[in-house]
Amino acid sequence: MKKRKTAAGAAAVLLCLGLMPVQAFGQASPEFAYSAEKWASLRDDKLEYDEIADLVHEYNNTVVQNAISYKDEKDDSRDDVAQDYYDRANEIYGNLEYPDSDDASYGSRVASALNSEKQAESLMKQGDETVDDGETKKLGYEQTEAGLVKQAQELMISYWSQACSMDSLKARKQQAETAYQSELKRLEAGMSTQSAVLSAKEAVSNAEASIVTAESSLQKTKESLCQMLGWGYGAQVEIGLLPEPELERIAAIDTEADTKKALENSYGLKKTVKQLANARTATVREKLQQTEKNQRTAIANSVGSACQNLLLARSEYEQAEQAFQLEGTSMASAERKLAAGTMTQTAYQNQQVSYLAARVAADTKKLDLLKAMVNYEWTVNGLASVS
């Protein structure tokens with residue numbers, strides 16, 4: 001059973017891939033926030049994909065710290081934030097002293113006083129130009145949490161993508177070992193050379209090294225993912241399976257409607273709109289108006305780009321699936337030939353490796369498609385690029 005802190009956090013707009021909405025930002029999560037069964041699931045040592053959003057919400061350290069900060073900021077108005085700058089400036093002004101001209105350290109003290117005065121003026125200006133309040137802080141924290149959920153989802157997909165490639169690496173090692181043993185027999189029969197045997201042995205060593213490197217990378221990915229979600233270093237966590245890509249949903253995508261949703265959901269754009277309402281000077285107002293215009297264009301472009309990447313990922317997955325089916329036919333033929341004694345063990349093993357490589361390629365493309373789907377959904381649900 002893992003030990004975690006109870007945390008408050010932000011509401012993230014969640015994608016359709018099996019995720020449930022989290023609680024509103026700033027609300028604590030007492031025991032009655034979830035059912036006993038749900039709490040038990042969140043606190044066990046198995047990570048399920050559809051738990052990621054809740055795990056980030058409850059246990060991610062950044063979200064926890066942001067929730068603590070927000071408790072002191074949620075009621076701040078724009079004027080409250082500005083007053084903080086003014087108070088700091090007035091404190092500097094109140095302590096400001098210029099030395100007499102006959103002071104022994106006149107030059108350095110004048111320079112210090114001028115620097116302090118300049119700092120105070122800067123703070124006064126920041127107070128005049130500040131556009132933040134409790135609402136903009138809330139939007140920033142919500143955006144951070146949503147980004148962490150997306151990052152964790154992508155890390156879990158990457159974990160399985162790396163795990164998928166391990167089968168191929170192990171098959172190649174087995175192939176290299178078979179080739180090495182074959183070369184040894186050929187050497188004994190006078191049909192090979194010591195150099196060829198050494199090359200075959202080196203191929204085995206290289207295959208083993210590739211597996212060690214891949215295993216290390218896989219473990220690092222798992223560790224990063226688990227620590228993001230509240231587990232301690234080295235925790236023994238079982239990583240659950242991923243959902244299947246929703247091909248029908250992808251086929252039904254309406255980019256025009258999704259662009260409107262992306263504009264409505266964008267954390268960055270909502271923050272700019274609120275800052276614009278808080279603006280007190282013409283210069284700041286004009287700057288934010290241009291920012292808003294640029295963000296709207298960037299969001300529309302982001303949806304279009306994410307959709308294109310998603311459709312490309314779907315096409316590549318479909319091609320990889322077709323190639324895998326063809327390899328499956330070849331594999332079945334190889335099995336018949338091996339049984340009939342018309343194919344050597346080495347040739348059969350080569351076909352096995354080819355079949356496995358095609359399977360890994362198809363599985364990898366499926367995971368790439370799932371990642372593209374995650375990216376598209378989050379683009380629509382608040383995280384579209386605004387720059």
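Contact here means heavy atoms within 4.5 Å. The model is predicted, so local features need pLDDT of at least 70 and side-chain atom pairs count only at pLDDT 80 or more, while totals for chains, interfaces and linings use all residues. Residues are numbered from 1 along each chain as its sequence is written, and side-chain values use heavy atoms, with hydrogens and water left out.

**View 1. Gln162 and its contacts.** Gln162 is found in helix α6; helices (H or I, at least four residues) are DSSP runs numbered from the N terminus. Setting aside neighbours within four places in sequence, Gln162 is in contact with Ser217, Leu218 and Thr221. Leu218 is 56 residues from Gln162 in sequence, yet the two are 6.1 Å apart in space, C-alpha to C-alpha. Gln162 has a relative accessible area of 22% and is therefore partly exposed; under 20% counts as buried, over 50% as exposed, and partly exposed lies in between (1.4 Å probe, protein chains only).

**View 2. Helices α6 and α12.** Helix α6 covers residues 134-188 and helix α12 covers residues 345-383. Their axes come within 9 Å and cross at roughly 175°. Axes are lines fitted to C-alpha atoms, for helices over the stretch in contact, and angles run from 0 to 180 degrees between N-to-C directions. The two helices are therefore roughly antiparallel to each other, a term used for angles over 145 degrees. By class, the contact of α6 with α12 has 15 nonpolar, 15 polar and seven charged residues. Ala, Val, Leu, Ile, Met, Phe, Trp, Tyr, Cys and Pro count as nonpolar, Asp, Glu, Lys and Arg as charged, and the others, Gly among them, as polar.

**View 3. The largest pocket.** A pocket is an open set of points on a 1 Å grid over the protein atoms alone, where a 1.4 Å probe fits, with protein on both sides within 12 Å along at least five of seven lines; lining residues have an atom within 4 Å of a point. The largest one has a volume of about 210 Å³, volume being the space filled by probe spheres set on the points, with grid points joined across faces, edges and corners. Its lining consists of Trp160, Cys164, Leu241, Leu242, Pro243, Glu244, Pro245, Asp363, Lys366, Leu367 and Leu370. Eight of these residues are nonpolar, none is polar and three are charged. Helices α6 and α12 each supply at least two residues of the lining, and α12 gives the most, with four residues.

**View 4. Thr272 in helix α10.** Thr272 lies in helix α10, residues 267-278. With a relative accessible area of 4%, Thr272 is buried. Apart from neighbours within four places in sequence, Thr272 is in contact with Leu288, Thr291, Glu292 and Gln295.

**View 5. Ser302 in helix α11.** Helix α11, residues 282-340, holds Ser302. Ser302 has a relative accessible area of 16% and is therefore buried. Its contacts, leaving out neighbours within four places in sequence, are Thr379, Ala384 and Ser385.

**View 6. Glu188 in helix α6.** Glu188 belongs to helix α6. At 71% relative accessibility, Glu188 counts as exposed. Gln319 is 131 residues from Glu188 along the chain, and their C-alpha atoms are separated by 45 Å.

**View 7. Ala203 in helix α7.** Ala203 lies in helix α7, residues 194-228. Its relative accessibility is 35%, so Ala203 counts as partly exposed. The C-alpha atoms of Ala203 and Ala179 are separated by 9.1 Å, and the two residues are 24 apart along the chain.

**View 8. Leu42 in helix α1.** Helix α1, residues 36-43, includes Leu42. Leu42 is buried, with a relative accessible area of 0%. Between the C-alpha atoms of Leu42 and Ile52, 10 residues apart along the chain, the separation is 9.2 Å.

Notes: Angles under 35 degrees count as roughly parallel, over 145 as roughly antiparallel, 65 to 115 as roughly perpendicular and the rest as oblique.
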